[in-house]
Amino acid sequence: MITDSQINELLEAVSKRNCEKSYKELFMQMHEKLFGFAFAILKSTEDSEEVVSDFFINIWMKRATLKLPEKPKLYLFVGVKNYSLNKLKANKRYQLPELEQWTANLNSVFFNPEELAISAELSAKILFAVNQLPPKCKVIFKLIKEDGLKYAEVSQLLDVSIKTVESQMAIALRRIRQCLEFKNEFPEIHSILTRKK
């Protein structure tokens, strides 16, 4: 998972040295996550692809005046959210859908393959449990556990309170535990899933 400091290093190379290689690296590292986020809002593959591409084209076009953000990952997600809202307006759907209407699918419950080696069967069970979460829980869980955002960043991005993020994560973890009693059987998995950011 790419870190905020790595994102800023790439943005700095793009901004100060016009480095196409860094620009492509940033695009490759963040495309899937940003596309998934745009798709959660737009529910259209074509529109989501266009939004992410347009956002990255804008970064390249404005590279000379690009300021390094304090929270780079959040900056990218907020940018894609804003482009998605603009796309909704262009498509005559003037407002952001309620968070309960967003869609999200997790690709992996484990975000760093080196963190834990588990059986494919257990991984599939956990992923199934996560993908059965209500939409709001799933979006928040994905942004925190798969995309690596912090609770405060998710709160800012989705324009909800920190308490809402915390309660949705609690609901998500409780529902996952109901599907899988792994706290005692798999304490290492439990600690990864319940680690607060």
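Which side chain meets that of Lys16 in a salt bridge? The partner of Lys16 is Glu12, with a distance of 3.3 Å from N to O. A salt bridge here is a side-chain nitrogen of Lys or Arg within 4 Å of a carboxyl oxygen of Asp or Glu.

This is a predicted model, in which local features need pLDDT of at least 70 and side-chain atom pairs count only at pLDDT 80 or more, while totals for chains, interfaces and linings use all residues. Residues are numbered from 1 along each chain as its sequence is written, and side-chain values use heavy atoms, with hydrogens and water left out.

**The overall picture**

- The protein chain has nine helices and zero strands, where helices (H or I, at least four residues) and strands (E, at least two) are DSSP runs numbered from the N terminus.
- Read from the N terminus on, its elements run α-α-α-α-α-α-α-α-α.
- The protein chain has 197 residues, and 47% of them count as buried. Buried means under 20% relative accessible area, exposed means over 50%, and partly exposed is in between (1.4 Å probe, protein chains only).
- Among contacts in the protein chain with a separation of 6 or more, 69% come from residues 24 or more positions apart. A contact means heavy atoms within 4.5 Å.

**How helices pack together**

- Two packed helices are described by the angle between their axes and the distance between the axes. Axes are lines fitted to C-alpha atoms, for helices over the stretch in contact, and angles run from 0 to 180 degrees between N-to-C directions.
- Helix α2 (residues 20–42) packs against helix α4 (residues 72–90) at an angle of about 45°, and their axes are 10 Å apart. That makes α2 oblique to α4. For these angle words, under 35 degrees counts as roughly parallel, over 145 as roughly antiparallel, 65 to 115 as roughly perpendicular and the rest as oblique.
- The crossing of α2 and α4 is right-handed. Handedness works like this: a crossing is left-handed if the near helix is turned anticlockwise from the far one by less than a right angle, and right-handed if clockwise.
- On the α2 side, the residues in this contact include Leu26, Met30, Lys33 and Phe37, and on the α4 side they include Leu76, Phe77, Val80 and Lys87.
- The contact of α2 with α4 involves 11 nonpolar residues, one polar and four charged. Here Ala, Val, Leu, Ile, Met, Phe, Trp, Tyr, Cys and Pro count as nonpolar, Asp, Glu, Lys and Arg as charged, and the others, Gly among them, as polar.
- Helix α1 (residues 4–17) also meets α4: their axes come within 7 Å and cross at roughly 70°. The two helices α1 and α4 are therefore roughly perpendicular to each other.
- In this pair, Asp4, Ile7 and Asn8 of α1 touch Pro72, Lys73 and Leu76 of α4. The residues of that contact are three nonpolar, one polar and two charged.

**Salt bridges**

- Side chains of opposite charge can pair when their charged atoms come close. This structure holds six salt bridges.
- Lys16 and Glu12 both sit in helix α1, four residues apart, which is about one turn of the helix. Lys16 is exposed at 62% relative accessible area, whereas Glu12 is partly exposed at 32%.
- Lys87 forms a salt bridge with Glu50, with the closest N and O atoms 3.0 Å apart. This pair links distant parts of the chain, with Lys87 in helix α4 and Glu50 in helix α3, 37 residues apart. Lys87 counts as buried at 15% relative accessibility, while Glu50 is partly exposed at 36%.
- Glu146 and Lys142 form a salt bridge too (3.0 Å, N to O). Both lie in helix α6 (residues 135–146), four residues apart. Glu146 is buried at 7% relative accessible area, and Lys142 is buried at 8%.
- Lys33, Lys142, Glu146 and Asp147 are linked in a network of salt bridges.

**Two positive phi values**

- Lys43 is not a glycine, yet its phi is positive, about 55°. Lys43 lies in the loop between α2 and α3 (45–61), and is partly exposed at 39% relative accessible area.
- Asp159 also has a positive phi, near 60°, in a residue other than glycine. Asp159 is found in the loop between α7 (151–158) and α8 (162–179), and counts as exposed at 67% relative accessibility.
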